[in-house]
Amino acid sequence: MLRLDRWLVTLGIGSRSEVQKLVKKGGVKVNAAPVKDPGMQVDETTATLTVNGAPVDGRLNRHVMLHKPAGL
């Protein structure tokens with residue numbers, strides 16, 4: 001579970017202040033319901049996200065880098 005504003009910032013939608021203004025104006029929908037609270041807790045694994053009428057891929061990608069010594 002993540003705060004909605006933090007999730008949007010992580011996805012690159014905008015800065016935290018820009019995202020908060022966007023949410024308060026009603027430009028963000030979670031599971032097809034308009035949201036007015038930027039601090040709302042959202043399950044990022046199951047929620048569908050729409051910003052200004054356009055669907056957004058809300059998956060957070062995690063990259064793991066490993067050091068592999070030569071010869072292995």
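**Figure 1. The two faces of helix α2 in the predicted model.** On the face of α2 that is turned away from its buried side sit the exposed residues Lys21 and Lys24, where exposed means over 50% relative accessible area, buried under 20%, and partly exposed in between (1.4 Å probe, protein chains only). Helix α2 covers residues 16–24; helices (H or I, at least four residues) and strands (E, at least two) are DSSP runs, numbered from the N terminus. The buried residues of the helix are Val19, Leu22 and Val23, and because they fall within an arc of 95 degrees when seen down the axis of α2, they line one face of the helix. The arc is taken over the directions from the helix axis to the C-beta atoms. These buried residues pack against α1, β2 and β5, contact being defined as heavy atoms within 4.5 Å. Just after α2, glycine 26 adopts a positive phi of about 90 degrees. This is a predicted model, in which local features need pLDDT of at least 70 and side-chain atom pairs count only at pLDDT 80 or more, while totals for chains, interfaces and linings use all residues. Residues are numbered from 1 along each chain as its sequence is written, and side-chain values use heavy atoms, with hydrogens and water left out.

**Figure 2. Glutamate 18 and its contact with the backbone of serine 15.** Glutamate 18 lies in helix α2, and its side chain reaches the backbone nitrogen of serine 15 at 2.9 Å. A polar contact is a pair of N or O atoms within 3.5 Å; within protein, one must be able to donate a hydrogen and the other to accept it, and residues adjacent in sequence count only if both atoms are side-chain atoms. The C-alpha atoms of glutamate 18 and aspartate 5 are separated by 9.4 Å, the two residues being 13 residues apart along the chain.

**Figure 3. Aspartate 5 and the salt bridges of the model.** Three salt bridges are counted, a salt bridge being a side-chain nitrogen of Lys or Arg within 4 Å of a carboxyl oxygen of Asp or Glu. Aspartate 5 lies in helix α1 and is buried, with a relative accessible area of 0%. Leaving aside neighbours within four places in sequence, aspartate 5 is in contact with Arg16, Val19, Gln20 and Pro38. Arginine 3 forms a salt bridge with aspartate 5, with the closest N and O atoms 2.9 Å apart, and arginine 3 counts as partly exposed at 35% relative accessibility. Aspartate 5 also forms a salt bridge with arginine 16, where the closest N and O atoms are 3.8 Å apart. Since aspartate 5 lies in helix α1 and arginine 16 in helix α2, this pair ties together parts that are 11 residues apart in sequence. Arginine 16 counts as partly exposed, at 39% relative accessibility. A further salt bridge joins the side chains of arginine 59 and aspartate 57 (2.8 Å, N to O); arginine 59 is exposed, with a relative accessible area of 61%, whereas aspartate 57 counts as partly exposed at 45%. Salt bridges that share partners join Arg3, Asp5 and Arg16 into one network.

**Figure 4. The largest nonpolar core and the contacts of leucine 4.** The largest nonpolar core has 14 residues, and those with the most contacts inside it are Leu4, Trp7, Leu8, Val23, Val28, Val30 and Leu49. Helix α1 (4–10), helix α2, strand β2 (28–30) and strand β5 (49–51) each supply at least two residues of this core. A nonpolar core is a set of buried Ala, Val, Leu, Ile, Met, Phe, Trp, Tyr and Cys residues joined through side-chain atoms within 4.5 Å. Not counting residues up to four places away in sequence, leucine 4 touches Val23, Val28, Val30, Val35, Asp37, Pro38, Met40, Val42 and Leu49.

**Figure 5. The open sheet and the pairing of β2 with β5.** Four strands form an open sheet in the order β3-β2-β5-β6, with antiparallel pairing. The edge strands, β3 (33–34) and β6 (54–56), each pair on one side only; two strands pair if DSSP finds at least two bridges between them. Three bridges join β2 to β5, which run antiparallel, and valine 28 has valine 51 in β5 as its bridge partner.
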